[in-house]
Structure formats: structure tokens, C-alpha cells
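Colleague: Thanks for sitting down with me. Could you walk me through how the helix pairs and the cavities get their labels?

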Amino acid sequence: MHSRLRFPCFCALTLLLFTSSLGAQTPAPSPISTRPIVLKAARLFDGKSKTLVPNGVVVIEGNTITGAGSNVPIPDNAEIIDLGDATLSPGFMDAHTHLTSDFSGNYNERRLHMLDENISQLALEMIPNAKATVEAGFTSVRDVGGGFPNSHDFPDVSLRNAINKGLIPGPRMLVATHGIGATGGHFDDTNGFRDMLFGAEPDWFDGIADGPDAIRKAVRFEVKNGADVIKAAVSGGVLSLADEVDVPQFDPAEMAALVDETHRLRKKVAVHCHGDAAAKEAINAGVDSIEHGSFMKPDTLQLMKQKGTYLTPTLMASEYIMGKIGQYPPAIQDKAKAATHARSEMFRNAVKIGIKISFGTDASVFPHGLNTKEFALMTGLGMKPIDALLSATSVDAELFGVANKLGTLEKGKLADVIAMPGDPTADITATERVFFVMKDGKIVKNDVKP
Ligand SMILES: [Zn+2]
């Protein structure tokens, strides 16, 4: 999303934006305890092993894990929280969110809302999105494109910083600022509107860049303004009006400039891409992850395996859109049906071929906080429950570039720990009932009955 208008991505939309509100029931994060905290539960998933262990224990001092595993020794002065018949897990991670917006409602109403409201109102409305996400068990997210219509603000940077300062509850965020894309492409917020309705063509400061030099300028501008990761649209999208969903939108020289400049600045590049031809070009150019990937063929998936490219499938996005397909304009209905039809076979092939699958949902296309529903969609298309859990923990931590401090329950890692009832490898929907969340050593949700 970007400047003039921006949209979430299932990506697509050529326009607009965001929403939300605060919940009153959740207490402010507790201060870090001076005593060690010990979390106990019937099972533990450590984020890297293929099996759960019984009698799970995690010892936390300050914001750091000092012990984790089965029957780990408990310090004498520890405060013990026994979570019972539950499974301890590293905090979940989502590689594809848009916390600055909520595009889950009626498509045309949301477009108008983004144009009607003041920027300050839109900014306040994103606060509940962050809260719902962390309370669902997601302690870290990659937020891949955010902004308000016809505005050059960087709301995702502001949201990240406010969360880091402890002003509002939410996950750790790696933010992309404005998605980078071609004129008339999926990220061109004026796509679908009358020419000059917004007074000017979007440019590199909106993320719209044509030619290698403009793309380098856009990448540098975004990093200057706080981007942790770069997002670009290299094929059309579903929720935008004037582009075909699978058509390539960057030429090879533009793709090479995008990857080279982003990696030069030591950032990773995530590309929105539904089409097979665009995906091949992007993978060959060296992008770090393909987002969506709906139409990718087996030979393209093989290429990803060779190159170590991650796939972020965002199954929830198409699932949610298809559930209320009648609410979208006809052009979007057609694109959504085609992409959804193709993505199930693509995902099954990706699992069979064994490429790296990073957990990511496209939250904003559906209501924030429902991210865990992605797990059951993944297992329903052939992924083993344990692999889906690994995807949302250590695999995402590697893609995010934070595996040295997050993604597993191990001594020395930051204390992001969640708990869900029962055994998620026996019933993956247990992930949808996370009842305990600790982030950075602070309890942000605890529904344990005393
Ligand atoms: Zn998206």
C-alpha cells in the first residue's frame, strides 16, 4: 500500500485502507518480574524439533529464556505458572500482515472509508489490529505494505515504534512502508480511478517506480524512512481493478535493480506475485520470498527449492474472499476465483517438492486476529501439523533474519512464549485457542483459570 491510496494485498487493491479499535478488557503488559518465571505445561513444542516433548518447562529471567525443555530444573525462588493440559510454543510469527488497515469489510465501503476519514482517525483505527494479532499468539509479524490514501505518512513505522515503546499492545513488527510497483500495477493506488482524480501520477515516493534507477531510489527512500524489509509487486493482484492477476509487472532489469539495491542495504525483499512467469524471473533475480504464488507450476517450485526461496502462501486471503465473493466488483470476483482455484494445487505441489514455506496470512483482507486459521488450511492441503507449526516459528524466524533471538524455545532466546490447549499435532485447531501469551518476558494475555 502506498501513498495515494493503498491496499492490502491479496494483494491488490489499487486503493485504500485501514481500521480498528481498542479492547478494554486486556490489562496492560505486566512489568518484567525480578524473580524468574517458570511456565509449565503437559507438552512443549520447541520450534525446531519434529516432535513435542512431555512435561514442558520454560524458565524466564527478565526478557530471556534461561532454560527450556522436558523436566528442566526450576530455580528455588521462581514464580511458577502451571498451564496444565496445554502445549507451550514459541510465539507465532506471520510473514504477511497489513496491521495499518482492515480491508475485511464490504469492498466499496472500505474504499470510501479510507478516503473519507482524517489521517489521524485512520491511524487510531489501526491500534486494535495490533492488539488482536498479539492476543492471537503472534508475537512477531512482517508487515508488508501500509499507508493511507493520498498521504505520504508511514503509519506502519509509527505503529511499530509505538509498540516498541510500550504505548500500545502489539507484536514486534518488521515493516515495509510503501509497496514498490509499476505504474498501473497492483500497488498503484490510482489504479481503477479516473485519470488525475488525485491530482498527480504517483511516483517513487509513493512506491511507484518505472525503470531500474527509479526502483533504486524507491528502495533507498523507504529504508531512509524506516523500512525493515522491502516489498514489491512483480505481478498483478486480486484486489486491484486495472491489472491482470498473473501478468508480469517488472522487466528483468527492474527486478535485478530491486534485488541488488535491497540486498546492498542488507534488507530482504518480499515480492507479491501470483503469476508463474513473473515468479520465475523474481526467483532467478534472487528475491527472498514469493508472497501468494497462486499460479506457480512445479518447475517453478523446483527452482525455488534450488535457490532456497521461501513461499508465503496466504491461504486465508483467498479463503476469506471466496466466502463473500458476491461483495466484490465483477473484475475482482473473476481474479479471485482464478487465483483460488490455482493456489490449492500449487500449495500441494510445494509441500510435495519440499520448498521452504513461511507462515503468512495477508491479515487485513480478513479480520485481524484470525491469523491462526491459516494452520488448518495448510494441513488441509497436505502439510503435516508439525511442519505447519515449524513454519510459523523457526522457518519464519529465518526468513525474518531474527533466528538468533526468536523462533525457538532455547536458552538465550527472547522470551516470546505462548500456550494452547491440548496437543496441536493431534488437533491443529488448538492453535486457534491460544490462551496465554508472553512477549519479551511480559505476559500480555493469560486466560488461565486461577
Ligand atoms: Zn498483502
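Modeller: Happy to. In this predicted model, helix α9 (residues 315–323) and helix α10 (residues 330–353) have axes that come within 10 Å and cross at roughly 140°.

Colleague: Which residues make the contact between α9 and α10?

Modeller: On α9 they are L315, S318, E319, I321 and M322, and on α10 they are A336, K337, T340, R343 and F347. Sorted by class, this contact has 5 nonpolar, 2 polar and 3 charged residues.

Colleague: Let's turn to α5 and α6. Why is α5 called roughly parallel to α6?

Modeller: Helix α5 (residues 212–224) packs on helix α6 (residues 252–264) at an angle of about 30°, and their axes are 8 Å apart. Angles under 35 degrees count as roughly parallel, so that is the term for α5 and α6. Their crossing is right-handed.

Colleague: What does the contact of α5 with α6 consist of, by class?

Modeller: From α5 come P212, I215, R216, V219 and R220, while α6 brings A253, E254, A257, L258, D260, E261, T262 and R264. By class, that contact has 6 nonpolar, 1 polar and 6 charged residues.

Colleague: And how do you know that α7 is roughly parallel to α8?

Modeller: By the angle again. The axes of helix α7 (residues 276–285) and helix α8 (residues 298–307) cross at roughly 15° and come within 10 Å. With the cut-off for roughly parallel at under 35 degrees, α7 is therefore roughly parallel to α8. This crossing is left-handed. D276, A279, K280, I283 and N284 of α7 meet D299, T300, L303, M304 and K307 of α8, a contact with 4 nonpolar, 2 polar and 4 charged residues.

Colleague: Now the cavities. How many of 30 Å³ or more are there?

Modeller: The count comes to 2 cavities of 30 Å³ or more. The largest cavity holds about 40 Å³ of space.

Notes. Residues are numbered from 1 along each chain as its sequence is written. This is a predicted model: local features need pLDDT of at least 70, side-chain atom pairs count only at pLDDT 80 or more; totals for chains, interfaces and linings use all residues. Side-chain values use heavy atoms; hydrogens and water are left out. Axes are lines fitted to C-alpha atoms, for helices over the stretch in contact, and angles run from 0 to 180 degrees between N-to-C directions. Helices (H or I, at least four residues) and strands (E, at least two) are DSSP runs, numbered from the N terminus. Angles under 35 degrees count as roughly parallel, over 145 as roughly antiparallel, 65 to 115 as roughly perpendicular and the rest as oblique. A crossing is left-handed if the near helix is turned anticlockwise from the far one by less than a right angle, and right-handed if clockwise. Contact means heavy atoms within 4.5 Å. Ala, Val, Leu, Ile, Met, Phe, Trp, Tyr, Cys and Pro count as nonpolar, Asp, Glu, Lys and Arg as charged, and the others, Gly among them, as polar. On a 1 Å grid over the protein atoms alone, a cavity is a set of points where a 1.4 Å probe fits but cannot get out, and a pocket is an open set with protein on both sides within 12 Å along at least five of seven lines; lining residues have an atom within 4 Å of a point. Grid points are joined across faces, edges and corners, and a volume is the space filled by probe spheres set on the points.
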